[in-house]
Amino acid sequence: MSVHDDLTSVQRCIDDLVRSVGRLEQQIGGGGLEMRRVRADADHLRESVALLRESAPGLSPPRRPDLVPIPDTPYDSSLWTDSDDEGLGAHDRHAP
């Protein structure tokens with residue numbers, strides 16, 4: 001089996017698990033700590049497999065992070081009023 005087939009099989013099993021947990025939750029109630037813990041674990045498994053599918057080699061091209069444009073124009077000098085120069089302190093004070 002290929003990685004894609006294995007991940008698809010795991011995803012089907014987790015989907016079955018989530019459905020079964022939902023039915024169980026309806027039968028015994030979802031208010032108890034144990035049931036909430038089982039629901040959280042099933043959800044974490046689903047998220048983990050989704051992350052694994054995204055990072056599996058050969059399944060999808062790697063995503064590039066979104067680039068944030070930084071303008072070439074200078075910042076407004078009013079942003080820096082009442083600020084300290086890092087390592088130098090405030091303009092009106094002197095080092096000891």
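The model is a predicted one, in which local features require pLDDT of at least 70 and side-chain atom pairs count only at pLDDT 80 or more, whereas totals for chains, interfaces and linings use all residues. Residues are numbered from 1 along each chain as its sequence is written, and side-chain values use heavy atoms, with hydrogens and water left out.

The side chain of Asp15 forms a salt bridge with that of Arg46, at 3.4 Å from N to O; the term denotes a side-chain nitrogen of Lys or Arg within 4 Å of a carboxyl oxygen of Asp or Glu. Asp15 belongs to helix α1 (residues 3-28) and Arg46 to helix α2, so the pair ties together parts that are 31 residues apart in sequence. Helices are DSSP runs (H or I, at least four residues), as strands are (E, at least two), and are numbered from the N terminus. Arg46, at 34% relative accessibility, is also classed as partly exposed.

In total, three salt bridges are present in the structure. Side chains of opposite charge can pair when their charged atoms come close. Glu25 and Arg39 are joined through their side chains at 2.8 Å, N to O. With Glu25 in helix α1 and Arg39 in helix α2, this pair ties together parts that are 14 residues apart in sequence. Glu25 is partly exposed, its relative accessible area being 22%. A salt bridge also links the side chains of Asp16 and Arg19, with an N to O distance of 2.2 Å. These two residues lie three residues apart in helix α1 and are thus separated by about one helical turn. Both are partly exposed, Asp16 at 40% relative accessibility and Arg19 with a relative accessible area of 46%.

Two packed helices are described by the angle between their axes and the distance between the axes. The axes of α1 and α2 come within 10 Å and cross at roughly 160 degrees, where axes are lines fitted to C-alpha atoms, for helices over the stretch in contact, and angles run from 0 to 180 degrees between N-to-C directions. This makes α1 roughly antiparallel to α2, the label for angles over 145 degrees. The crossing of α1 past α2 is left-handed, meaning that the near helix is turned anticlockwise from the far one by less than a right angle. Met35, located in helix α2, is buried, with a relative accessible area of 6%. Between Met35 and Leu24, eleven residues apart in sequence, the C-alpha to C-alpha distance is 8.7 Å.

Trp80 is found in the segment after α2 (33-55) and is exposed, at 54% relative accessibility. Together with Ile70, Tyr75 and Leu79, Trp80 makes a nonpolar surface patch of about 540 Å². Such patches comprise residues with over 30% relative accessible area and no salt bridge, like charges being joined within 9 Å and nonpolar side chains (Val, Leu, Ile, Met, Phe, Trp, Tyr) within 5 Å. Accessible areas come from the Shrake-Rupley method with a 1.4 Å probe, and for residues only the protein chains shown count as cover.

Definitions and conventions
Buried means under 20% relative accessible area, exposed over 50%, partly exposed in between (1.4 Å probe, protein chains only). Angles under 35 degrees count as roughly parallel, over 145 as roughly antiparallel, 65 to 115 as roughly perpendicular and the rest as oblique.
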